[in-house]
Amino acid sequence: MDIIGKEVCHKKQNLGVGTIVEMTDNSEIIVTFKSRTMKMHYPNAFKDFLEFTDSNLQKDVLEEISKKEAAKAKAAVERRKIAEEARRREITIAKRKPVKKSMHPCIAFKLNYCDGGEDGEYAGFFGICSDEMIKLNMKKKKSWCSNSLCSCNLFIRGKITEEELLEEWSDEYCGVNPCMDSAALRDWSAESSPGMMIRSAEPGHLCVFTTQLPSKNYNSLIKDRVVVGISIIDSIEDGNNDNSRVYSVIDDDYRLLFNIDEAKNFKYWDIAHVISNPNDLWGSGLFRNFDDEKAIDFLKTAIEIKQDKEGKEQARKFLEHYCDINGLDANL
């Protein structure tokens, strides 16, 4: 709805008639009254504070607010259902006796670096990348980012609007996002490539999220992969592209997030190196499996890497819990 130049009144203050002169990228409108200028959030400001002088516009904006609130309420209900189901599955995993089905029940995922949500302390993976990061991932031909069907790629090339791009990551659209990387550490979830099923990984075992931090060797596959997150697998379900998606347990105690300084020192290949892969090449797939012995090594390293007392204690308890539910000895 085009509202620039439209006249409004303030419901709470006697400011006379004002004019909307600008809408920012953060969905804030700037309104000029005779005595002052105000910045308010759109469209919520029209619920309690502002009112269009045009009754038709006011009716339209109230309908827009109502639709957004209904969508948020629906999404909240869905998230609660998912959380409750995940909690039930987690309790089941914690109580069962470990049954070894796979020699390599753990999994590590390869993520393209995403600075969405990056705050200077922690890496992103919690929102759509900045324009600069999208362009870099496209230039370096990162998988999906460089694909002509990628929403971020379409946005940079002017094929879709920023609003259309942001809608794909909004919480109002539960479970939808431009790529798995943009929500990997929001949802603590990742998936395999189209046509590739995850066979060996098992619920109750370790899930490691890895990436390459942008640098002069950003396109290299050798020795520069770091760990940004560790969790316990809750479930492995069929994806939408003949693939599999891994979901982590919902309990934050068993989700370890590493800040950028910690991640720089948490070298994936220092633990994942195997004789059969002497050059530490990941390859084209999005995941690799490993055994519980390496899982314990990852968790012991996490204790060392964590910089604060609380983080070290969380990692230590994580290790104890992991060994308990899988019948392991931390001194393997």
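Axes, in what follows, are lines fitted to C-alpha atoms, for helices over the stretch in contact, and the angles between N-to-C directions run from 0 to 180 degrees. This is a predicted model, in which local features need pLDDT of at least 70 and side-chain atom pairs count only at pLDDT 80 or more, while totals for chains, interfaces and linings use all residues. Residues are numbered from 1 along each chain as its sequence is written, and side-chain values use heavy atoms, with hydrogens and water left out.

**Stop 1: helices H9 and H10**

Select residues 292–305, which form helix H9, and then residues 309–326, which form helix H10; helices (H or I, at least four residues) and strands (E, at least two) are DSSP runs, numbered from the N terminus. The axes of H9 and H10 come within 8 Å and cross at roughly 160°, so H9 is roughly antiparallel to H10 (angles under 35 degrees count as roughly parallel, over 145 as roughly antiparallel, 65 to 115 as roughly perpendicular and the rest as oblique). Show the side chains where the two helices meet: among them are Ala295, Ile296 and Leu299 in H9, and Phe318, Leu319 and Tyr322 in H10, with contact meaning heavy atoms within 4.5 Å. By class, this contact has 10 nonpolar, no polar and five charged residues, where Ala, Val, Leu, Ile, Met, Phe, Trp, Tyr, Cys and Pro count as nonpolar, Asp, Glu, Lys and Arg as charged, and the others, Gly among them, as polar.

**Stop 2**

**Stop 3: salt bridges between separate elements**

The count of salt bridges comes to seven. For another of these, select Lys47 and Glu69, whose side chains meet at 2.7 Å, N to O. Lys47 lies in helix H1 (residues 45–48) and Glu69 in helix H2 (residues 55–95), so the pair ties together parts that are 22 residues apart in sequence. Lys47 is partly exposed at 43%, and Glu69 is partly exposed at 36%.

Next select Arg245 and Glu191, which form a salt bridge at 3.3 Å, N to O. This pair links strand E10 (residues 244–248), which holds Arg245, with strand E7 (residues 189–191), which holds Glu191, across 54 residues of the chain. Arg245 is buried, with a relative accessible area of 16%.

**Stop 4**

Go to the loop between strand E4 (37–41) and H1, where Pro43 is found, and inspect the peptide bond from Tyr42 to Pro43, which is cis with omega near 5°. Trp188, in the loop between helix H6 (184–187) and E7, has a positive phi of about 50° although it is not a glycine, and Trp188 is buried at 7% relative accessible area. Finish at Asp242, in the loop between strand E9 (225–238) and E10, a non-glycine residue with a positive phi of about 55°; Asp242 is exposed, with a relative accessible area of 63%.

Terms used
A salt bridge is a side-chain nitrogen of Lys or Arg within 4 Å of a carboxyl oxygen of Asp or Glu. Buried means under 20% relative accessible area, exposed over 50%, partly exposed in between (1.4 Å probe, protein chains only).
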